[in-house]
Amino acid sequence: MKRLQIAIESTTLANGLKVVIAPDTAAPVVTVGVYYKIGFRLEPRGRSGFAHLFEHMMFQGSANAPKMQHIKLINSSGGVLNGSTHYDVTNYYQAVPSNALERVLWLEADRMRALKVDDENLRNQRDVVKEEVRVNVLNQPYGGFPWLDLPPVAFRNWANSHNFYGDFSDLDAADLADVQAFCKTYYVPNNAVLLMLGDLKPEEGFALAKKLYADIPAGAPPPFADPAEPEQNEERRGEVEEKFGTLPAMAIGYVVPKRRTTDWCAMALLDQALHGGRAGKLYRELVLEKQVAVELDGGIEDIFGYNGPTQMVTRILHKPEYSSEQALAAFDEVIREIQDNGVSEDELAQLKVKWQSDYFSLLESGHGGMPRYGLMHLLACFTLFDGEPQLVNTVLDGFLSVTRDEILAAANKYLRKEKRAIVFRRPAAAGVKEAA
Amino acid sequence: MATRAVEVNNAVPALAPERQVTWPKRQRARLSNGLEVILVESHTIPKFHGELFFRSGNAAAIDRGTGLAEMTATVVRTGTAKRASRQIEEDLRRIGADLSSSAGADTSAISFAGLSDFAEPLLGMVDELARQAAFPEAEFERERRQKLEEVKLERTQPGFLAGERLRKVLFGAHPYAQVSPSEEQVAAYKRDDLLGVYRDFYTPENALLLLVGDFQPDAMLKAAEKVFGAWQGKKPETKPSAAPAKPRGRRVYLVHLPGAVQTQILAGCHAITRKHPDWVKLGLTNSLYGGAFNSRLVMNIREDKGYTYSPRSGVNAFRQHGYFSVSAAVRNDVVAASLTEIFYEMDKLRSVPVPESELADAQNYLSGIFSMGLATQNGLLSQIAVVALNELPEDYLETYRQKVRALTPGDLLETARKYLDSANMQIVIVGDRVQIESQAALFGELEVFDAQGKKLS
């Protein structure tokens, strides 16, 4: 089958900033990203939601580009921009016509060097973030389900189990001193990677990186609080009330094996077998055949983009005429079947073709009108977590060499009740009675 | 505050000379059976993306049932004369393909993407679904019951409730007023109705096949002729609907959602289709008003006042009509304050010419983002679909940027006066009436509905 070879060049500046360039002249557009190796997992205790609030503060002004200027300069160059906070990274990215490359690099350098924000900016963005939480979580049916509901049930280490969007009391408690301390600790060149993708020459990109970033002083190596979880030996269950939705829901999460191991690759194909769209065993059984569920989806989210404990999660909205235990029993039957029989040779071949096809799409996938977001994200995570951006071209091999035996073994080793957590989200109005 | 002047620092690097934007060649063809095909090369990944459009959607099926084209599209993928549902899904996976079928107001479509190595089998599947869908009774029944749960569920989403009410208010008796079926309407769907829609809409003369990706166009066209060539069928007859009356005067429609901790605002007025000569002007006016991060509305109610996370305005075009709308999900205690700013920014654009520098910024923005689509197969596909489905001029993509750059402050003032029709905006707010009714009533005569659409007062 046709392979994809992406041209990648990388270097590290004296201050520790990593620079990765993937040239491609298909369109006169460049995507520029800066990833910092800090996400909501390791935000300070008592400051839940702070990593995300801080992300908003990064758009509030820097020494030479006061509030609104960064946004104005990107938009008026013909580009788009955004940022997002993840478990273990926070990213800032923009796609612009390639004649704005230096301007974008200058803006990112300015806020890496000297963020300049005040109390008014913080108050303003705290209000904005609260409306973000309301529109995405508090005022939406199944808002935050299950990404905010499952961690507190599944994990014991605060790093993995707290409210990542933030309790409003914690958001209110955050002050400018927190902003400055967080910035000084984590937003340093030696904790970041700068990425340039698209219409540029590598030598041009490296020269600009040196010119604009080399004089940003390195910081102390950021502390890395180990987010490891104690061994889980019992099924964990929790309940959350659903305020608006009409259907009972549940989410089941299994701990995923260590990143970049054979088991991890096997788990990824197992995920494809279970959650791969309408051909996936779970959708086929619960939605199409038994017709217990109305919606079912899931998987290992952002499989390359995390650096700590994570889960493979199945999200189910089921018909109210079935109890939660009945729906769960239907789910368990599928799990038992794959533990007994694994996947057939033919099925494994299908899974690999689809995995490869999905991987290509992931590399090309955009985000909010931003081309090459997916490739940028993988390059960044492989650089920050593995020190190996070239993995983009080779990581596929591990998945394509998984055997039937490895899948069978993974199903029996990892899809165990004592390795899972379940959250039931029950509609308040519909009066679903039975208890978990 | 609106546009607070921002001094641009001298240190900001200037833009390098603009690089040329070259749109790829579109190869157009008509197969022997009348099927129109457009092919475009894009070698970003070893895959291709395609869409088989039918120029009839939910609006064209409205007399037979609300949402019937959508239901038909849903059941299309559940079985053919040759393959049962399970086989279809496995065969798609076998060739690494994704496929979905859906219908909007004006079109029905089968959308697909797959590996270039398996182009022909994927086209074969699309042909089979378009031509030999079997509508198995049991599959239809399951999908109908699924749909019943879905239509209940969507009535709990503030965004859905706002959009649905606005469309009703703007389009009245026109089919565009119907966003989604009621439970009763879904319960009344018959398999025969779906078969009728399928027979009439899914024909080669009514279709447009778009293919974008990593292939040689000549070889791909040959494959398309081989696969689709034997398919026959006429264009369906179309019955024009009477133009909807423009609502006069500001009115407020409150959809009561007990316990809501935020209020969804959505206001709109009639605008234009994409074919209209003012389309580019309105696009630029919109991007200045609330269509970009850097726009006046976002800077005002988000970055200055912190009322909302997600304010946005947009121009929404159907084939026959269009509307302009502005939305924001705001804190309950600032509903009136937000509406005041929404109208302030609209009225300002209607009364004060836009400064030249702000106009230039917006022109750069719009022409810049227009080219982003070039970078991915999907982006190209959607740009090309817009041109083809709306029957825009052949050189639309090539000339868009210069049309944007030719506009003047006077053009924008005129456009804002014409289409940002602040005196006749219809205002929908979705939230807890106890907290927001008195604020809402300040902006016009008020009607209150529940989430099921029943009028409360």
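A:Leu296 lies in strand β11 of chain A, which spans residues 293-300; strands (E, at least two residues) and helices (H or I, at least four) are DSSP runs numbered from the N terminus. The model is a predicted one, in which local features need pLDDT of at least 70 and side-chain atom pairs count only at pLDDT 80 or more, while totals for chains, interfaces and linings use all residues. Residues are numbered from 1 along each chain as its sequence is written, and chains are lettered from A and ligands numbered from 1 in the order in which they are written.

A:Leu296 is buried because 24 other C-beta atoms lie within 10 Å, the cut-off for buried being 20 or more, with exposed meaning 12 or fewer and partly exposed in between, for C-beta atoms placed from the backbone. Beyond its neighbours within four places in sequence, A:Leu296 is in contact with A:Leu282, A:Tyr283, A:Leu286, A:Val287, A:Thr314 and A:Ile316, where contact requires C-beta atoms, placed from the backbone, within 7 Å. A:Gly277, 19 residues away in sequence, has its C-alpha 9.1 Å from that of A:Leu296.

In chain B, domain 1 covers 27-228 and domain 2 covers 251-450, with bounds taken from an automatic or database domain assignment. Their centres, taken over C-alpha atoms, are 29 Å apart. Across the boundary, 26 residues of domain 1 of chain B are in contact with 26 residues of domain 2 of chain B. On the domain 1 side, the elements giving two or more residues are β2 (36-41), β3 (47-54), α5 (158-171) and β6 (207-213) of chain B, and α5(B) supplies the largest share, nine residues.

Conventions:
Contact = placed C-beta atoms within 7 Å.
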